[in-house]
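Work through the exercises below with the model open beside you, and try each task before reading its solution.

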Amino acid sequence: MSTPTKIHLDESEMPTQWYNIVADLPEAPPPALHPGTHQPATAEDFAPLFPKALIEQEMSAERYIDIPGDVLDVYRLWRPSPLFRARRLEKFLDTPAKIYYKYEGVSPAGSHKPNTAVPQVWYNAQEGVRKLTTETGAGQWGSSLAFACAQFGLECEIWQVAASYLAKPYRRTMMEVWGGKVHPSPSAVTEYGRQLLAEDPNHPGSLGIAISEAIEAVVKSEGKAKYALGSVLGHVLLHQTINGNEAILQMEQAGDYPDIIVGCTGGGSNLAGLMFPFLGQQLRGGQKIDIIGCEPLSCPSFTKGKYAYDHGDMARMTPLIKMHTLGSDFLPPANHSGGLRYHGMSYHLSHLYDLGLMRAKAYGQKDCFEAGVIFGKQEGIIPAPEGNHAVKGAIDSALECKE
């Protein structure tokens, strides 16, 4: 029987555990360092920002971590998400390659981000936290956190990169409908934001700046708020593996297995969520996979950055993380509209890249947008600017297969 175009799992087949890549790595990633002492960061160092349960997940080496029942209940609003075979795109490219894509656009916020927003909010709520702050670029993460906060009755305050705040008012409206309070970043409501606006009233902002503002708000809340991050850290990538765990079951249904996995990389959660479970199988003796992270030429942290300890934010308040970085003071060009604007990269993915377990390609946004238009015309789904980087990588891989 030929592979169906849509491969669905029944709700009862949804995985009930996240997968932790650390359990199968040949060596653990380098530890985060305290920004003052430069000694390995402890659980107490993270406590002002995150609840205890998330800190434990960040430092865990357990292979599987159970997903709480309340989180599964919210996941069921859209999960399991479908796996599609891109037959029309294959035909258009005249390639013998079989192209599959996992479609996370079925979530309430339209992206993969609620996979971690929902558990982050739940764990905070369990520990009595009533307010979360965060940053967002294009707005996918901010809208996901606002949605999750609405599910569990928490306040949500968001700093959105000014260039995106002005260019994408509808995404801001989504956040506000779900109860989020949104500021353009840099903003006049934080000391760091006011300092930057004094230097440049039309500052376009960056994710590094927005992170600094969100953290400053937590520091000044006197323990009344915590911070939530949409990518980069281990617990975030862990939560995203619900996607790859589903994909493994769906590929089994299709009677197939990937030779190549492609994902877009800004902070790392999109690619990691899909490929970690497959890479785990490889590390435990399974089939080898070519893993490709597709990043923007405007923010090429893998292909142009240094592998070094750096801060995650521009004001340098966060712990130091060893990652591929362009420098915490990096500002993407103002005309870069393709998303994936972060100066650094997940320390897990940076470690995998350093070990040679994955590779990276950088693409210009015009080429990515053109690939997205081809995909939209053939498959009927118009990808987000960020996702277009993965579409471009997949098309290139399929054309190489043809050659």
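The model is predicted, with local features needing pLDDT of at least 70, side-chain atom pairs counting only at pLDDT 80 or more, and totals for chains, interfaces and linings using all residues. Residues are numbered from 1 along each chain as its sequence is written, and side-chain values use heavy atoms, with hydrogens and water left out.

**Exercise 1.** Determine how the axes of helix α9 and helix α10 cross.

*Solution.* Begin with the axes, which are lines fitted to C-alpha atoms over the stretch in contact, with angles from 0 to 180 degrees between N-to-C directions: those of α9 (residues 191-199) and α10 (residues 207-219) come within 8 Å and cross at roughly 140°. Angles under 35 degrees count as roughly parallel, over 145 as roughly antiparallel, 65 to 115 as roughly perpendicular and the rest as oblique, and α9 and α10 are therefore oblique to each other. Next, list the contacts (heavy atoms within 4.5 Å): Glu191, Tyr192, Gly193 and Leu196 of α9 meet Ile209, Ser212, Glu213 and Glu216 of α10.

**Exercise 2.** Find the strand order of the open sheet of 3 strands, and its edge strands.

*Solution.* Two strands pair if DSSP finds at least two bridges between them, and here the order is β1-β4-β5, with antiparallel pairing. The edges are β1 (6-7) and β5 (100-102), each of which pairs on one side only. Strand β4 (residues 83-85) is joined to β5 over 3 bridges in the antiparallel sense, and Phe84 stands opposite Tyr101 in β5.

Conventions. Helix = DSSP H or I, 4+ residues; strand = E, 2+ residues; numbered from the N terminus.
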